[in-house]
Every structure is written in C-alpha cells, then in structure tokens.
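Please keep the sequence and the structure in view while reading.

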Amino acid sequence: MTDASVMAPERHFRRMTLNQRIQHIVLMSSFFTLVLTGFPVTFSGSRASSGIIHMLGGFTMRSAIHRMAATTLICLTIYHLFYMLLSRHGKSELRALTPNLKDAFDALHMMKFYVGLAPRTPQFDRFNFIEKFEYLALAWGSVVMIATGFMLWFEDQAMVMMPKWTLDVAKVIHGYEALLAFLAIIIWHFYHVHFNPEVFPMSRVWLSGEITEHEMK
C-alpha cells in the first residue's frame with residue numbers, strides 16, 4: 001500500500017525557451033551597464049558620479065562601455081523584432097502579449113480584490129495585464145532610448161538636419177526615460193519576480209525556464 005505521506009513530485013511547465021532566456025540575460029546585462037555608465041552624465045553633480053567614473057577607468061572608458069552596451073541593446077532589439085514577427089513561437093508569444101478587453105476587466109477585478117470587494121484575484125491568461133504593460137513599456141522605452149541615443153551619439157550629423165534645441169530635448173528625454181525605466185525595473189519588476197513573498201528570494205524562471213504548477217495556479 002502506498003504511503004500517503006509520500007507526495008508525487010510537483011509538475012513543472014516550460015515558461016521561457018532557451019532562446020528567450022538568452023535574450024533576457026543579454027537585455028538585463030546591457031540595461032544595467034547602460035544605467036551604470038549613463039548615471040554620471042545625467043547626474044554629473046552627484047558625488048557618486050565621480051566615483052563611478054573612476055571605477056570605470058575614466059570618462060573616455062565610460063563612454064566606450066556605454067556605447068558598447070548601447071550597440072548590444074540595438075542588436076538585441078533588432079533580433080527580438082525579427083524573432084517575434086517571423087518565428088512560429090515568437091508570433092504565438094506576440095499574440096499572447098497583445099492587450100485585449102479582458103485585461104481591462106482583470107485590472108478592475110484586481111483593484112476590487114485589493115480593497116476587499118472580490119474574494120480572489122482574477123484568472124489570467126498566459127500573460128497578465130501587468131506583464132503585458134511591462135512588455136509594451138520596454139518596447140516603447142527601447143525605441144525612445146535608441147532614437148535619442150543616436151541623436152546624442154552623432155551630434156554633428158544631427159545638427160545638420162535639426163536645430164540645437166532638439167538635441168537639448170533629446171538629452172533630457174534620454175536621461176529621464178532611463179531613470180524611469182530603472183525605477184520601474186527595481187520597484188515593480190523586481191518585486192513581482194524576486195521580492196514577492198511567494199517567490200522570494202528569486203524566481204528561477206529566467207534561469208531554468210520552468211514554472212511550477214503551484215506558481216502557475
């Protein structure tokens with residue numbers, strides 16, 4: 001007779017493919033490199049900025065590392081665009097990430113749950129409305145950062161086609177969009193995938209690609 005105390009191993013389901021995990025690691029590495037090397041420019045008056053520049057080997061080396069990370073992000077963005085539009089799995093993921101009317105009702109349902117007007121959270125699809133919003137914000141933010149970054153990288157060429165004030169605006173947008181993205185990642189994304197008590201100290205999905213049946217439910 002089977003011992004009732006012996007539990008069957010929990011089932012695991014694939015959440016991220018190896019291709020997606022590699023993309024995520026490249027994105028994460030380039031993003032935080034850009035934040036680290038861009039901070040001394042946006043907040044040049046900060047005491048920490050001089051320390052970061054010294055740690056990176058000087059302002060020239062900071063610029064070189066920043067541009068290498070930017071090039072990596074641009075290449076990844078182009079690759080991801082083709083991956084999502086042309087590969088079978090990417091097109092399936094894109095359809096799942098596209099917001100729909102259910103997401104609006106799910107958001108309202110979640111608000112009701114937070115204030116005690118609903119007994120449980122809504123039942124989500126493959127991606128919930130928060131994940132979809134994060135993805136769209138990442139896509140939009142990447143476009144903005146790449147466009148303004150090119151203007152600042154090739155200032156002389158940009159000045160031939162545009163007035164000086166557009167570069168000033170691009171610099172402000174580039175700096176504060178980066179700050180917004182950093183805060184969103186640290187406060188929102190990190191909480192949901194790492195600091196949430198249900199997954200603390202870290203969700204291992206981005207490493208193993210698998211999610212447990214409990215997490216899925």
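## Basis of the description

For the helix pairs below, an axis is a line fitted to C-alpha atoms over the stretch in contact, and angles run from 0 to 180 degrees between N-to-C directions. The model is predicted.

## Helix α3 and its surroundings

Helix α3 comprises 28 residues, 59-86. From first C-alpha to last, α3 reaches 40 Å, close to the 40 Å expected at 1.5 Å a residue.

The buried residues of α3 are R62, S63, H66, A69, A70, L73, I74, L76, Y83 and M84. Their packing partners are five helices: α1 (18-42), α2 (47-56), α4 (88-97), α6 (129-153) and α8 (164-195).

## Packing of α3 with α6

The axes of α3 and α6 lie 11 Å apart, and the two helices pack at an angle of about 135 degrees. The crossing of α3 past α6 is left-handed.

On the α3 side, the contact is made by R67, T71, I74, T77, H80 and M84. Helix α6 contributes Y135, S142, I146, F150 and W153. By class, the residues of this contact of α3 with α6 are six nonpolar, four polar and one charged.

## Packing of α1 with α8

Helices α1 and α8 pack at an angle of about 135 degrees, their axes being 10 Å apart. The pair is therefore oblique, and the crossing of α1 and α8 is left-handed.

The contact involves F31, F32, V35 and T42 of α1, together with G175, A181, F182, I185, I186 and F190 of α8. The residues of the contact of α1 with α8 divide into eight nonpolar and two polar, with no charged residue.

## Residue Y79

Y79 is placed in helix α3. Is Y79 buried, partly exposed or exposed? Its relative accessibility is 40%, so Y79 counts as partly exposed.

Apart from neighbours within four places in sequence, Y79 is in contact with N19 and Q23. Y79 and Q23 are 56 residues apart along the chain, while their C-alpha atoms are separated by 9.1 Å.

## Residue T212

Strand β2 (residues 210-212) contains T212. Buried means under 20% relative accessible area; T212, at 17% relative accessibility, therefore counts as buried.

Which residues does T212 contact, leaving aside its neighbours within four places in sequence? They are E10, R11 and H12.

Technical notes: Residues are numbered from 1 along each chain as its sequence is written. This is a predicted model: local features need pLDDT of at least 70, side-chain atom pairs count only at pLDDT 80 or more; totals for chains, interfaces and linings use all residues. Side-chain values use heavy atoms; hydrogens and water are left out. Helices (H or I, at least four residues) and strands (E, at least two) are DSSP runs, numbered from the N terminus. The expected span of a helix is 1.5 Å times one less than its number of residues. Buried means under 20% relative accessible area, exposed over 50%, partly exposed in between (1.4 Å probe, protein chains only). Contact means heavy atoms within 4.5 Å. A crossing is left-handed if the near helix is turned anticlockwise from the far one by less than a right angle, and right-handed if clockwise. Ala, Val, Leu, Ile, Met, Phe, Trp, Tyr, Cys and Pro count as nonpolar, Asp, Glu, Lys and Arg as charged, and the others, Gly among them, as polar. Angles under 35 degrees count as roughly parallel, over 145 as roughly antiparallel, 65 to 115 as roughly perpendicular and the rest as oblique.
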